[in-house]
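Dear colleague,

I am handing over the structure we spoke about, and below it you will find my notes on what turned up in it. Please read them with the coordinates open.

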Amino acid sequence: MPVTKTLVNVLAGKRQTVPPIWLMRQAGRYLPEYRALRQKIGNFLDLCLDPKLAAEVTLQPIRRFGFDAAILFSDILVVPYALGQNVAFTATDGPRLDAINSAEGLHKLRSELDHERLTPVYETIVRVKSQLSPNVALLGFCGAPWTLATYMIAGAGTSDQIPAREFAYRAPRLFAELLDILVDASAAYLIRQFEAGVDAVQIFDSWAGILPDDEFDRCCIQPCARIIAAVRAKIPTAKFIGFPRGAGSRLQRYIDAVPVDAVGLDWTVDLAFARDALQRRKPVQGNLDPVVLLVGGRSLDRSVDRIMENFKAGPFIFNLGHGVLPDTPVAHVEQLVARVRAAA
């Protein structure tokens with residue numbers, strides 16, 4: 001019998017009787033085995049760049065829950081790191097970078113990605129692939145240029161992305177130059193991920209929804225489309241999931257212009273709209289509210305059933321509308337997986 005990866009089948013447009021399931025941030029702080037490992041290594045970036053440990057973290061949720069896909073344990077900010085920007089992670093305040101707010105700061109970046117810095121990531125993919133069941137897909141990923149730019153310009157995560165938005169208006173040429181650098185770097189990074197063995201990749205545009213309408217095309221749609229074109233020029237069969245969080249009704253424009261194989265939905269997307277306007281054209285992925293997974297119980301069952309009922313007729317990947325929250329009980333994830341597989 002040929003090996004079947006249900007997630008890969010969905011990306012090819014094939015409906016599965018039991019939809020594949022994986023979760024954003026499925027490897028992380030809610031797992032006791034991750035917390036135990038995390039205590040042994042002080043720096044988060046060091047963990048991401050240790051192939052043995054990063055592979056172990058990637059595989060932990062697969063062993064525990066039997067998800068249909070593993071996603072590489074890393075961070076979107078390894079790309080700025082490999083472009084020469086100083087990147088550090090603090091225990092309480094998250095990532096810290098040397099903010100880029102001028103031409104001088106921008107031109108300190110490398111013009112090309114330093115793959116030497118990312119060799120551990122590619123080694124992690126090889127390690128995971130060698131240990132993964134042949135029917136479980138392996139996903140790579142990158143941050144979309146706009147989302148990366150928000151961190152690189154502000155020097156940290158912000159709730160409103162005012163530093164990046166202000167920079168884009170004040171210095172449009174410099175901002176366009178930064179996006180160009182990130183498009184090229186992200187494409188080069190993803191090509192290496194495919195060469196190392198991933199089955200598909202997800203482009204995380206976590207801050208797409210904060211863009212005004214006229215900037216959505218320039219900052220979200222165009223860069224993501226260019227990344228995919230560049231990767232497929234080298235790897236024509238490369239499969240992509242696009243996740244422009246917060247895009248709402250603009251998801252229709254996104255799938256018109258960005259040649260993804262599936263589109264990820266955040267938890268605010270109306271299910272009927274997604275079913276009728278999106279799923280008839282592309283496979284969809286999502287979109288359980290991470291908070292209802294945190295709560296569990298009947299609320300979780302009702303939400304899972306509603307999503308399954310809406311998307312059961314077409315190609316669909318079950319996921320959250322964003323990442324697993326750190327305080328989520330393991331038992332609730334077990335409940336979720338059982339409910340998805342029983343409802344099909």
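Gln161 is buried, with a relative accessible area of 1%, where buried means under 20% relative accessible area, exposed over 50% and partly exposed in between, for a 1.4 Å probe and protein chains only. This residue sits in the loop between helix H8 (145–154) and helix H9 (162–170), and its phi is near 55°, a positive value in a residue other than glycine. Helices (H or I, at least four residues) and strands (E, at least two) are DSSP runs, numbered from the N terminus.

Please keep in mind that this is a predicted model, in which local features need pLDDT of at least 70 and side-chain atom pairs count only at pLDDT 80 or more, while totals for chains, interfaces and linings use all residues. Residues are numbered from 1 along each chain as its sequence is written, and side-chain values use heavy atoms, with hydrogens and water left out.

Arg25 also has a positive phi, near 60°, and lies in the loop between helix H1 (6–11) and H2. A cis peptide bond, with omega about -20°, joins Gly286 and Asn287, and Asn287 belongs to strand E8 (residues 284–288). Most residues other than glycine have a negative phi, and most peptide bonds are trans.

Turning to the sheet, seven strands in the order E1-E4-E5-E6-E7-E8-E9 form an open, parallel arrangement, where two strands pair if DSSP finds at least two bridges between them. Strand E1 (69–71) and strand E9 (316–320) stand at the edges with a single partner strand each, so one side of each is left without a neighbour in the sheet. On average, and with direction ignored, neighbouring strands of this sheet are turned by 25° against each other; axes are lines fitted to C-alpha atoms, for helices over the stretch in contact, and angles run from 0 to 180 degrees between N-to-C directions. Strand E6 (residues 240–244) is joined to the parallel strand E7 (residues 262–264) by two bridges, and Gly242 has Val263 as its bridge partner in E7. Helix H10 (residues 172–196) packs on the sheet, touching strand E4 (137–143), strand E5 (200–205) and E6, with its direction at about 165° to that of E4; contact means heavy atoms within 4.5 Å.

The count of salt bridges comes to 19, each being a side-chain nitrogen of Lys or Arg within 4 Å of a carboxyl oxygen of Asp or Glu. Asp261, which counts as buried at 14% relative accessibility, forms one with Arg232, the closest N and O atoms being 2.7 Å apart. That pair links distant parts of the chain, with Arg232 in helix H11 and Asp261 in the loop between helix H12 (251–257) and E7, 29 residues apart. Asp261 also meets Lys239 in a salt bridge (3.7 Å, N to O), and Lys239 counts as partly exposed at 25% relative accessibility.

Finally, the largest pocket has a volume of about 1300 Å³ and is lined by 40 residues, of which Arg25, Arg29, Phe44, Ser74 and Asp75 lie nearest its centre. On a 1 Å grid over the protein atoms alone, a pocket is an open set of points where a 1.4 Å probe fits, with protein on both sides within 12 Å along at least five of seven lines, and lining residues have an atom within 4 Å of a point. Grid points are joined across faces, edges and corners, and the volume is the space filled by probe spheres set on them.

With best wishes
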